[in-house]
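Student: Hi, could you walk me through this one? I'd like to talk about its aromatic rings and one of its helices.
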Amino acid sequence: MNRQITTTTSKLKISEMDIVRAVAIMAVVLIHSTTEAAVYPWEGQVVPDEGSLSQIILFTLNRACQFAVPVFILISGLVLFYRYSGSWSVKTAVQFYKRRLWSVVVPYLIWSLFYYIYNPWISGQPVELDAREFLGDIQWADTGYHLYFMIIILQFYVIFPVLMFLAKYKWFRVLMVPLGILIQLGFYSYNHWVEAIDHYPSLAPTYFSFFLTGGFIGLYYDFFRQKMKSVVSWALLVMLVSGGTYVEMFLLNRYDNRMFENTWYVIAMLFYATTVSVVLLGAGKWLLDKLPGAAKWLLPLGSYSFGIYLMHPLILTAFKLKIPAPGGMAAYNVYVLLSFLSALLGSLLAAVLYRKAARALKPGKSKPASPGNVPMNG
């Protein structure tokens, strides 16, 4: 299979990455589409009957898709270390920050302002523009429930040059995975057992294992690709065990009143999200090599995953507020499916149209996007 060469780094493009991003962004939209169905019922809200088959299925899907954000962080680390290994310099660092300013910071500010105005407006509440309140909200992505991911990834971008410098040393490369696990679990342990840390879910150390594990794979991706079949086989086994354990603990807790210490959820997710990433890389490569016709249906979702991520709450919120949920179980299941498809495909269409319009208005010949130029790509 022919591989595209990235002109900026003369490295092979990791084509299977778009398949990984496609699955991860579908998981993100599915989580948000099944939120009401997954929570406990409350007065005035139409949700499936507690303990019904529909609720159990939707709750299971919601929990099983929680790998989405860790996977995006892992592949961000993978692409960054893969792309810049062997070519890092002061000049590259300057270009790196300049690119992130326009591809991450500016979109974050624009979409934060958009949701600051849109959310109260679509809910029928008065729109009040308060600069001080808005500046306070953007510190921790409080204008949109999905924007916290950008706060996390921005922190990794800030420290990436330091990590890239350390990657020159063999000791760091050898210790990347255990060091990431140590930092992430140590940070969790302090927050859980010693003292609660403000904004813990939005801080980079909460996801450090995923980023450094992705970075390790990225540094040795050519070797990883050669050994992918055997690595994926082991990863698939761990994924099924850890993912099954993660979801089963939630099911037992909800429907059988069994209690599990929160640390078990954290450890299960650590293994689950990491191995999901590896399995999806292998599945993506297999699809591209063996079933390119099927892969072409997923590739646009991966290519436009950043746009889908930014825009899908716009459509999903409007859908849920303007179209009341039906009371019948079968109708409710269709309602959830339609909300998912509307948000996913509607935001995909909007992202495609936006990119075409931006390229049409941009003077000169636009270059194809290379991996790593937007947050969902690293």
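Predicted model: local features only at pLDDT ≥ 70, side-chain atom pairs only at ≥ 80, totals over all residues.

Student: Are Tyr 84 and Trp 88 buried or exposed?

Tutor: Both Tyr 84 and Trp 88 are buried. They also belong to an aromatic cluster, along with residues including Phe 81, Phe 96 and Tyr 157.

Student: What sits over the ring of Tyr 157?

Tutor: That's the charged end of Arg 100, 5.1 Å from the centre of the Tyr 157 ring. Elsewhere, Arg 254 lies over the face of Phe 59, at 4.8 Å from the ring centre.

Student: Back to pairs: what about Tyr 246 and Tyr 265?

Tutor: Tyr 246 and Tyr 265 are edge-to-face too, 6.3 Å centre to centre with 85° between the planes. Tyr 246 is in helix 11 and Tyr 265 in helix 12, so this pair ties together parts 19 residues apart in sequence. Both of these tyrosines are buried.

Student: New topic! How many residues does helix 4 have?

Tutor: Helix 4 has 17 residues, 68-84, and reaches 24 Å from first C-alpha to last, close to the 24 Å expected.

Student: And how many residues of helix 4 are buried?

Tutor: 17 of the 17, so helix 4 is largely enclosed by the rest of the structure.

Student: What comes just after helix 4?

Tutor: There you'll find Gly 86, which takes a positive phi of about 85°.

Key:
Residues numbered from 1 in each chain as written. Heavy atoms only, no water. Buried < 20%, exposed > 50% of the residue type's maximum accessible area, 1.4 Å probe, protein only. Phe/Tyr/Trp six-rings, centres within 6.5 Å; stacked < 30°, edge-to-face > 60°. Helix = DSSP H or I, 4+ residues; strand = E, 2+ residues; numbered from the N terminus. Lys NZ or Arg CZ within 6 Å of the ring centre and 35° of its normal. Expected span 1.5 Å × (residues − 1).
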